[in-house]
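Hi everyone, thanks for making time. I'd like to walk you through one protein model today, so let me put it on the screen.

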Amino acid sequence: MCFRDLSRTHVWQTQLFFTTFRPPLNIDTNSVKLWVLTTFPRLPVRWKRRRVFRIHSHSLLQLCKHSTLMAESEPVSDATPVGEKRTCLRHGDEETPAKKPKVDGENGNAPNPDGGGGEEEEEEQPEGQASDGEEDGESFADMMKHGLTETDVGILKYVSDHEGFSGILKERYSDFVVHEINKQGKMVHLDDLSIPADSEEGAEPEQQPTECDVLTEEQRQQLGELQLFKNKERNVSIEVKDDTKEKRTLVHKAIKTQFPGLETKTEEKEGHKFIVAYHVAGKKALAAPRKHFWPKNRGSYCHFALYKENKDTMDAINVLSKFLRLRPNMFSYMGTKDKRAITVQEIAVLKITAERLAHLNKCLMNLKLGNFCYKNHPLKLGELQGNHFTVVIRNISGTDEQVHQAMGSLRQTGFINYYGMQRFGTTAVPTQQVGRAILRNDWNQVVDLILKPRPGAEKEYLVRCREEWAKTQDPEAALKKLPNKRCVEGQLLRGLSMYGKKNIVTAFGLIPRNNRLMYVHSYQSVVWNAMVSRRIEAFGLKAVEGDLVLRGTTAHVLSAEEAESHSIHDIVMPLPGYDVIYPSHHVGEGYRELLSADGLDLDNMRHKVKDYSLAGAYRRIIVRPTDVSWEVIHYDDPRISLVHSDFEKLENKPAPVFNQDGQYRALRMEFSLPPSTYATMAIREVLKLDTSIKKQTQLNTVWFN
């Protein structure tokens with residue numbers, strides 16, 4: 001391997017893996033390390049014994065041999081990859097996104113609460129310190145051999161009879177574009193970066209003329225340049241000739257109101273008083289917190305479109321809250337969006353001006369804010385009508401006729417509304433197993449499942465932590481092995497050290513509520529998947545006597561006569577709980593059998609701990625996408641984006657040009673889905689391929705090799 005081959009590192013999607021390689025003796029190891037740290041600044045690296053170079057990353061798969069293939073991929077880290085567009089990065093932006101709470105995503109991007117630390121940052125290990133059992137490294141495919149497949153979580157059936165074909169999903173994150181559909185049914189786009197006229201009202205209407213009069217046009221120009229870091233002096237001094245406290249107060253107010261991010265102070269020079277404006281915290285003071293006057297005629301919430309690339313919704317919110325110096329709960333939104341994608345969604349924030357938000361565009365990476373407006377209400381989870389997806393499947397093997405049949409079936413019939421693989425995690429201990437133990441009130445097993453050693457992909461410090469727990473059962477000793485205590489394992493161990501192993505329920509409560517509920521919801525989901533597969537197997541795609549339909553929010557059991565007037569798209573199936581009814585045919589009895597085999601009583605779904613009492617819910621078994629369209633495109637350069645994004649349109653960048661004689665073929669599809677529906681399940685119906693990471697890894701490893 002030559003040094004230039006290192007730049008052809010292939011990067012996988014969203015998991016936590018590592019790779020190991022030995023550079024040739026004629027390569028300067030310090031140069032290699034410097035190159036990796038420069039290209040991937042978020043990746044901790046270290047040398048191991050015998051000149052083995054180990055890169056720890058959020059997504060590094062392996063070093064591949066084929067330069068043509070490697071040019072097609074991009075890193076998932078925050079480093080800017082060659083050939084992939086980014087939003088602007090200014091002033092050496094160095095934010096580290098705060099850790100996100102793990103919540104179920106609207107688009108099937110549900111984080112894994114048992115994923116061995118999730119989004120926690122990995123700390124660099126000391127030079128020369130080797131970890132047990134890793135000296136020879138392990139391939140990505142080997143690490144994923146313990147992962148789940150679709151059959152493990154009840155995803156078994158298809159609704160169409162067309163022939164499936166292969167393709168690569170999310171080869172680039174720009175191949176997956178999501179636009180939120182708001183509660184008015186309008187698609188959210190980023191197409192306007194201007195500030196609403198009323199956002200310039202810095203004070204109450206009766207005070208505004210007075211404050212405007214105290215600053216001359218020349219002073220406003222100087223202050224505006226200072227605000228944008230165009231003033232070389234780094235401050236602006238305004239002499240106060242009429243030296244009264246009232247006059248100085250008006251000048252202070254006018255500057256702070258009209259130029260967010262600037263601080264002021266009064267100084268005396270040679271017997272004259274000056275008000276000096278400056279950036280209190282350097283280049284990041286654009287977003288310095290301040291109590292602004294808020295006009296009564298302006299809505300209390302600033303709504304805006306958030307455009308993000310390759311970043312989770314909660315990561316984006318944490319970055320914004322850090323720059324604005326707000327608590328993350330000051331922001332509201334209607335749903336979380338995929339990380340490995342380009343997404344646009346509506347966000348609302350309490351009493352922050354559009355001008356302050358717009359200034360952030362100068363110093364954010366992979367984020368863009370626009371389409372500002374003021375309203376009197378925040379946003380609530382679940383208020384959205386759905387999401388519109390633009391998906392590119394590269395290197396498809398199907399003929400044009402196969403593609404037409406597959407997409408035609410998706411438009412006419414739809415797909416089985418399974419809970420996607422993201423719901424169940426990716427480690428050797430699926431989240432539904434933990435959820436089942438919680439529902440059975442088997443708290444020792446809950447602790448064992450979360451903390452015991454496990455095969456597969458794990459960060460080194462988690463491996464050491466689990467080994468310590470297995471050896472000593474000492475929570476404090478195991479906790480010392482964790483450099484960051486905010487992962488699920490760390491929170492549980494902290495609880496055990498505080499409350500003792502005889503009070504596991506209280507200790508488990510230290511884990512954030514969303515994470516804890518994810519486990520039991522995951523169990524509900526796998527039961528639902530299994531029962532829907534059984535329903536499709538038994539009765540096919542027609543409504544039958546004993547099926548359930550919704551009348552308002554109440555479920556109704558169909559009679560034989562009523563079944564004749566309903567279609568499969570009307571049928572719902574329940575998630576198990578104490579406040580639902582079940583189909584009256586034999587599939588309904590299957591719920592009881594399945595839960596009984598898991599040691600649970602279908603008639604007693606209330607738990608001693610109120611949080612884990614499951615009321616249940618209803619979910620349609622078949623979903624038919626709307627606004628379905630598609631085209632087969634040909635292209636020559638695998639590095640280019642095949643979707644014209646909102647940011648590219650704002651920058652007046654040309655749309656991608658397709659060559660009908662290009663050597664590569666891709667399927668570009670568009671469709672809209674209701675909330676809480678998994679786009680990957682729609683794509684699964686088209687391709688008829690297992691969407692699990694385990695299976696996709698096997699397929700892609702074969703393809704890349």
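A word on terms first: helices are DSSP runs of H or I with at least four residues, strands are runs of E with at least two, and both are numbered from the N terminus. On that basis the protein chain has 21 helices and 23 strands. Please keep in mind that this is a predicted model, where local features need pLDDT of at least 70, side-chain atom pairs count only at pLDDT 80 or more, and totals for chains, interfaces and linings use all residues. Residues are numbered from 1 along each chain as its sequence is written, and side-chain values use heavy atoms, with hydrogens and water left out.

Of the 705 residues in the protein chain, 57% are buried, meaning under 20% relative accessible area with a 1.4 Å probe, protein chains only; over 50% is exposed, and in between is partly exposed. If we take contacts (heavy atoms within 4.5 Å) with a separation of 6 or more, 78% of them join residues 24 or more positions apart.

Now to a sheet I like. Three strands form an open sheet in the order S8-S10-S9, with antiparallel pairing; two strands pair if DSSP finds at least two bridges between them. Strands S8 (235-239) and S9 (262-269) are at the edges with a single partner strand each, so one side of each has no neighbour in the sheet. Direction ignored, neighbouring strands here are turned by 25° against each other on average. S9 pairs with S10 (residues 272-279) over eight bridges, and Lys265 stands opposite Val276 in S10.

What packs on this sheet, touching S8, S9 and S10? That is helix H6 (residues 245-258), at about 150° to S9. Helix H5 (residues 217-227) also lies across S8, S9 and S10, at about 155° to S8. These angles run from 0 to 180 degrees between N-to-C directions, with axes fitted to C-alpha atoms, for helices over the stretch in contact.

On to the rings. The whole structure holds 13 aromatic pairs, where rings of Phe, Tyr and Trp (its six-membered ring) pair with centres within 6.5 Å, and planes under 30 degrees apart are stacked, over 60 edge-to-face, the rest tilted. Trp294 and Tyr374 are edge-to-face, at 5.8 Å centre to centre and 80° between the planes. Trp294 lies in the loop between S10 and S11 (301-309) and Tyr374 in S14 (residues 367-375), so the pair ties together parts 80 residues apart in sequence. Both Trp294 and Tyr374 are buried.
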